[in-house]
Amino acid sequence: MVKTSVKFSDRLYEGSKEIWEQSHRHPFLAELKAGTLDPDRFKYYLMQDYVYLIDYAKMFAYGSIKAGDLEMMGKFSELCNSTLNVEMGLHRQYAEKFGVTREQLESTEPAPTTVAYTKYLLDVAAQGTLAEVTAAVLPCMWSYREIGVLFAQDPAALEHPLYGEWIRMYSSAEFSELTDWCIGVMDQLAEGLNEFELAKLERHFLIASKLEYMFWDMAYRLEEWPV
């Protein structure tokens, strides 16, 4: 049994730090922060992210199913509901600013990277434990909080007419609280696990972090299916 004073989430953060820093330097995010990102690239991102959120909500549903107590079950159910009925609603409103209708969002064909990411998540959820579900969903929430907080330090980025709202969403106190809760759950579920089990969780976290990078890259390239 592993017992250390270092939280498992600290280990995950340190292990993924380089990947996240590469994401921050990616042209998509660098240009978004500078306010120079081509709106067509952001529109593509919004449409693909909408498709992603549908399966992301399913991850929270899996978490509710696999939860060991009513409190945890209720919280994961709340996150599923919030994703479906709050975050996706805000997404639809925001997409309208870019001329994207709800019908267009819901008819979006997932790009290859979106398929790879969501199917990886759902495979982990179907076959894994609650700890594995949490390890796989956490990089999205945690890295977005980090990006939002970092970008919000720049007043010009925060007030940008197109991208400021996105930055404010992910730097908000409400989003930070959800992220902290999920990090706390990760630490709670990792407590007492052996090194083999911890390494499996870390692998899920790192793969999901790499897929986050690939998602930004996909959006910048306006990725399409080759045939």
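This structure holds 30 aromatic pairs. It's a predicted model, so to speak a computed picture of the chain. One of those pairs joins F28 and F42, and the two rings are stacked, with 6.5 Å from centre to centre and 20° between the planes. Planes under 30 degrees apart count as stacked, which is why this pair gets that label. The pair links distant parts of the chain: F28 sits in helix α2 and F42 in helix α3 (residues 39-66), 14 residues apart.

Now let's follow helix α2 to its other partner, α11. Helix α2 covers residues 27-34, and it packs against α11 at an angle of about 75°, their axes lying 8 Å apart. How are α2 and α11 oriented to each other? An angle from 65 to 115 degrees counts as roughly perpendicular, so α2 and α11 are roughly perpendicular to each other. On the α2 side, P27, F28, L29 and E31 take part in the contact, meeting W216, A219 and Y220 of α11. Sorted by type, the residues of this contact come out as six nonpolar, no polar and one charged. F28 turns up here again, besides stacking with F42.

Next, a look at α11 itself. Does its length fit what you'd expect, or what is its span? Helix α11 has 27 residues (195-221), and at 1.5 Å a residue these should span 39 Å; the end C-alpha atoms are 39 Å apart, so the two agree. Just after the helix comes L222, which takes a positive phi of about 55°.

Leaving aside residues up to four places away in sequence, Y120 touches R203, H204, I207 and L211. Y120 and A157 are 37 residues apart in sequence, and 33 Å apart in space from C-alpha to C-alpha.

Here are the helices with their residue ranges:

| Helix | Residues |
|---|---|
| α2 | 27-34 |
| α3 | 39-66 |
| α11 | 195-221 |

Terms used. Residues numbered from 1 in each chain as written. Predicted model: local features only at pLDDT ≥ 70, side-chain atom pairs only at ≥ 80, totals over all residues. Heavy atoms only, no water. Helix = DSSP H or I, 4+ residues; strand = E, 2+ residues; numbered from the N terminus. Expected span 1.5 Å × (residues − 1). Axes fitted to C-alpha atoms, helices over the stretch in contact; angles between N-to-C directions. Parallel < 35°, antiparallel > 145°, perpendicular 65-115°, else oblique. Contact = heavy atoms within 4.5 Å. Nonpolar A, V, L, I, M, F, W, Y, C, P; charged D, E, K, R; others polar. Phe/Tyr/Trp six-rings, centres within 6.5 Å; stacked < 30°, edge-to-face > 60°.
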